[in-house]
Amino acid sequence: MHEFKDIPMVRLDSVHVSFNGVRALDSISLELRGPGIIQVLGPNGAGKSTLLKVIAGLIRPVRGSVYVNGVDVTRRSDVAGMFVAYMPQSNEPPGWSPLTVWEFVETSVLTRKARWPRFVVGGVRGVVERCLSMVGVPRGSWYLRLSELSGGMFQRVLIASVLVTGAPIMLLDEPLASVDPEGRVALSRVLSQLATDRLVVVTSHDPHPLLEHTRLVVALNKRVVAIGDPHEVLSRLAPGALYPYWVSEHGH
Amino acid sequence: MDIRLYLALLIVSLVTLLITPKLHWVVSYPTVMAVIGSSLAFGSISALIAARRLYFLAHVTPHMALLAAPLSAIVLGHKGGDWILAVLLVLVLVWTSGYALYKGVSSDVIASIMVSFTASATVLALYYAQRIAGAGRVSQLILGDPLLVTSFEGLTALIVGLLVAVFSLSIAREVFFVGVSRETALVSGLKVWIYDFTLYTLMALSVAIMLRITGFLVTSVLTLLPGAIAVIVARGSLQVTLASITIASIASALGLLASISLNMPPSGVTGLILVTIYALARVARFG
């Protein structure tokens with residue numbers, strides 16, 4: 001696995017994002033330092049996915065700047081990609097894609113490590129095998145098409161495609177959403193292992209599967225509502241600030 | 001199925017096309033070169049279109065080519081070189097559509113505007129072009145006839161077909177990857193716009209150059225169905241692209257042979273064969 005001289009770090013300076021005049025993120029200033037898991041929590045439309053896309057350089061903020069490991073990556077996904085691997089939110093496999101599981105994960109690493117044309121490639125077989133096994137994709141599914149997978153299995157493949165890059169910063173948009181309870185426990189362990197030497201930023205509606213592995217929680221609702229130690233943030237949130245049910249689960 | 005099977009089938013269909021002039025004197029080698037070239041070009045580009053779900057492009061590009069051909073004939077008259085001008089016009093129109101898509105315009109809107117514009121302008125262009133090029137040439141654009149191609153046209157089609165196939169195979173992995181998640185591809189450092197630009201360019205070249213061979217009416221079928229069938233029967237970017245080329249070649253070889261026997265236009269028979277293969281593949285896979 002990778003070793004990093006510098007601490008993986010993301011910094012957002014007064015980032016505003018809006019789509020067609022509708023505010024998505026409002027004056028976000030954050031510094032996320034690794035290693036460790038950072039959970040971004042919030043209801044639908046809170047801007048969780050937008051936050052990850054801004055960090056990945058996929059969305060241009062109206063105002064503000066984004067720095068990854070000290071490098072300005074604002075709207076520069078190619079530069080962000082030098083430090084960041086991104087897993088989009090996806091509950092369903094692409095129904096038309098004839099790409100196999102193996103080729104998808106293999107291409108995720110080849111796009112970073114090999115030049116065009118990428119016909120004959122060596123040296124990545126071991127790492128692809130290791131990552132697919134680590135996230136619990138059975139060997140029998142490696143040569144299935146993506147379209148033949150269940151939603152949960154596709155999500156595991158997406159996580160493998162991020163793992164295989166070896167990037168120091170991983171942005172995972174609801175990685176456990178479609179995974180069964182047993183799989184959530186297993187994948188939570190995998191993510192916590194990875195977070196020993198990486199910064200893993202995870203968005204979620206439900207903080208509990210990853211809670212014991214989480215170093216920091218960012219409660220988001222277009223702006224940062226709270227940030228800090230997971231238990232502290234969850235218990236001090238005002239009733240109904242994000243989700244009423246959290247409050248009841250934490251005894252308020 | 002295995003890649004070796006598709007390669008074997010491809011070789012059989014190409015050999016069948018190559019020996020056709022020995023068996024049927026009405027078929028010349030320029031015709032064979034044109035048919036092989038169009039099979040290679042449409043087969044390979046069709047797989048990429050299916051992987052990126054750019055089916056709208058397969059619908060609108062033949063409309064653009066049908067406008068460009070008579071328009072360039074009107075502009076250049078009898079000076080020659082109208083092929084080159086037609087290719088340039090199609091390239092501009094395809095790139096414009098691609099840029100609009102990149103800027104967030106929906107594919108339905110682009111298709112509606114482009115088809116409306118090109119169809120209306122084509123009626124006017126064909127009206128004037130008939131006086132210059134004659135009704136026979138206009139009819140060839142619409143119906144297509146590989147039996148009428150010249151040696152130069154046949155050789156051009158073969159070279160373009162080979163180039164399009166090689167380029168398509170070399171970018172298939174990346175294009176299929178972008179088809180799954182454009183955002184992941186962008187963050188992984190892939191210059192997605194270069195692959196899109198290459199895809200649009202290959203599409204424009206294939207359609208503009210092959211229009212006289214396959215005809216406007218069947219070009220959409222040839223750019224849509226081989227890839228759509230390959231996606232059903234094969235897996236993996238290389239295997240799907242190769243399967244798509246093989247399917248296009250088999251349909252072209254059968255279409256040419258059947259058309260000679262039945263005295264029918266080859267492109268129409270080829271199109272119907274592709275529709276039949278598609279129906280059979282769907283039934284075989286999905287029941």
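# Close-up views of the predicted two-chain model

**Figure 1. The largest cavity has a volume of about 120 Å³.** This is a predicted model, in which local features need pLDDT of at least 70 and side-chain atom pairs count only at pLDDT 80 or more, whereas totals for chains, interfaces and linings use all residues. Residues are numbered from 1 along each chain as its sequence is written, chains are lettered from A and ligands numbered from 1 in the order in which they are written, and side-chain values use heavy atoms, with hydrogens and water left out. A cavity is a set of points, on a 1 Å grid over the protein atoms alone, where a 1.4 Å probe fits but cannot get out, and its lining residues have an atom within 4 Å of a point; grid points are joined across faces, edges and corners, and the volume is the space filled by probe spheres set on them. The structure holds three cavities of 30 Å³ or more. Of the 13 residues that line the largest cavity, B:Val35, B:Pro146, B:Ser252, B:Ser267 and B:Thr270 lie nearest its centre. Two or more lining residues come from each of helices H2 (29-52), H9, H10 (216-233), H11 (237-262) and H12 (266-286) of chain B, where helices (H or I, at least four residues) and strands (E, at least two) are DSSP runs numbered from the N terminus.

Figure 2. A pocket is an open set of grid points with protein on both sides within 12 Å along at least five of seven lines. Its lining has 28 residues, and those nearest the centre are A:Arg75, B:Tyr102, B:Arg182, B:Leu186 and B:Trp193. Helix H2 (77-80) of chain A supplies at least two residues of this lining, as does each of helices H4 (82-102), H8 (182-187) and H9 (192-214) of chain B.

**Figure 3. Six strands of chain A form an open sheet with mixed pairing, in the order S6-S7-S8-S3-S9-S10.** Strand S6 (84-87) and S10 of chain A are the edge strands, each pairing on one side only; two strands pair if DSSP finds at least two bridges between them. From one strand to the next, the twist averages 15°, with axes being lines fitted to C-alpha atoms, for helices over the stretch in contact, and angles running from 0 to 180 degrees between N-to-C directions. Strand S8 (residues 199-204) of chain A runs parallel to strand S3 (residues 36-41) of chain A, to which six bridges join it, and A:Val40 has A:Thr203 as its bridge partner in S8(A). Strand S7 (residues 169-173) of chain A also runs parallel to S8(A), through five bridges, with A:Leu172 opposite A:Val202 and A:Met170 partnered by A:Val200. Strand S9 (residues 214-220) of chain A is joined by four bridges to the antiparallel strand S10 (residues 224-228) of chain A, and in their hairpin, which has three residues between the strands, A:Lys222 takes a positive phi near 70°.

**Figure 4. A second open sheet in chain A has four strands, in the order S2-S1-S4-S5, with antiparallel pairing.** Its edge strands, each pairing on one side only, are strand S2 (22-33) and strand S5 (71-72) of chain A. Helix H1 (residues 48-55) of chain A packs on this sheet, touching strand S1 (9-19), S2 and S4 of chain A, and its direction makes about 120° with that of S1(A). Seven of the eight residues of H1(A) are buried, including A:Leu51, A:Leu52 and A:Ile55. After H1(A) comes A:Gly57, whose phi is positive, near 75°.

**Figure 5. The largest nonpolar core has 128 residues, and A:Phe104, A:Leu132, A:Leu146 and B:Leu57 have the most contacts inside it.** Such a core is a set of buried Ala, Val, Leu, Ile, Met, Phe, Trp, Tyr and Cys residues joined through side-chain atoms within 4.5 Å. Another core, of 34 residues, lies apart from it, with A:Ala24, A:Val68, A:Val84 and A:Tyr86 among its members. Leaving aside neighbours within four places in sequence, A:Leu132 is in contact (heavy atoms within 4.5 Å) with A:Val101, A:Trp102, A:Val105, A:Val137, A:Trp142 and A:Ala160.

**Figure 6. B:Leu67 is found in helix H3 (residues 55-76) of chain B.** B:Leu67 is buried, with a relative accessible area of 4%. Apart from neighbours within four places in sequence, B:Leu67 is in contact with B:Phe117, B:Thr118, B:Ala121, B:Thr122 and B:Ala125.

Technical notes:
Buried means under 20% relative accessible area, exposed over 50%, partly exposed in between (1.4 Å probe, protein chains only).
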